[in-house]
Structure formats: structure tokens, C-alpha cells
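Hi,

Here is the structure I promised to pass on. Have a look at it first, then read my notes below.

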Amino acid sequence: MNAVATSTPLTLARVPRAHIAWVTDVEWHALTPPEARRLRELGLDEGVEVEMLHRSGLLGGGPVACRIGRMTVALRRHVAAAIRVRTAPADAG
């Protein structure tokens, strides 16, 4: 698996395919109550490791597929944009 280094804030929607990131914050207020409940049920919260698997739609503007633990999950683009992440330092490989 790849890790990409970044020092700027990044959302899950912008993580490149096949890269790993860790959730730093979720903008809960940007989500509807059912969307927020679903993320919590999936265990997606601060510190969770997420691997970006796939983007769909023209120019990557559609839903994203990512791996959370052993689950593969599809998230709407605006939901992924509400999830802030950090990526591994460059030396982590």
C-alpha cells in the first residue's frame, strides 16, 4: 500500500487512489443525521485508518470506495469531503 505525504489539510475525497490516510476530524455539521449515524455505525471517527480504493464518476466527481478496517464502504462525495484526514510521513513508505 502506498502512503502520500502532505502537510496541508486534506479531505478523504482528495486522497489519491490506493493511498492510506487517518481520520483527524469529521465535519458532523455538514452531514445529515442519517449520514452521520451511518459513519458512526461504520466506526469512522478520529484515528481510524482509511484506504482509498476507487473513485467513480466523470473526473472523479462521483462516490468513492474506501476500506475501513476489513470493510469496503462506498461514500457519497460530499460525505467524503466532510472527513478530514492526514497521510503518512514520506519515510513511512
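**What I found**

Let's start with β7, which has a covered face made of Ile83, Val85 and Thr87 and an uncovered one made of Arg84 and Arg86. (Helices, H or I of at least four residues, and strands, E of at least two, are DSSP runs numbered from the N terminus.)

Before going on, a note on the source: this is a predicted model, where local features need pLDDT of at least 70, side-chain atom pairs count only at pLDDT 80 or more, and totals for chains, interfaces and linings use all residues. Residues are numbered from 1 along each chain as its sequence is written, and side-chain values use heavy atoms, with hydrogens and water left out.

Which strands pair with β7? Five bridges join β3 to β7, antiparallel, and two bridges join β2 (residues 10–11) to β7, also antiparallel. Two strands count as paired if DSSP finds at least two bridges between them. On β7, Val85 is the bridge partner of Leu10 and also stands opposite Val23, while Ile83 stands opposite Val26.

β3 also runs antiparallel to β4, with three bridges, and there Trp22 has Glu49 as its partner.

Cheers

Conventions
Buried means under 20% relative accessible area, exposed over 50%, partly exposed in between (1.4 Å probe, protein chains only).
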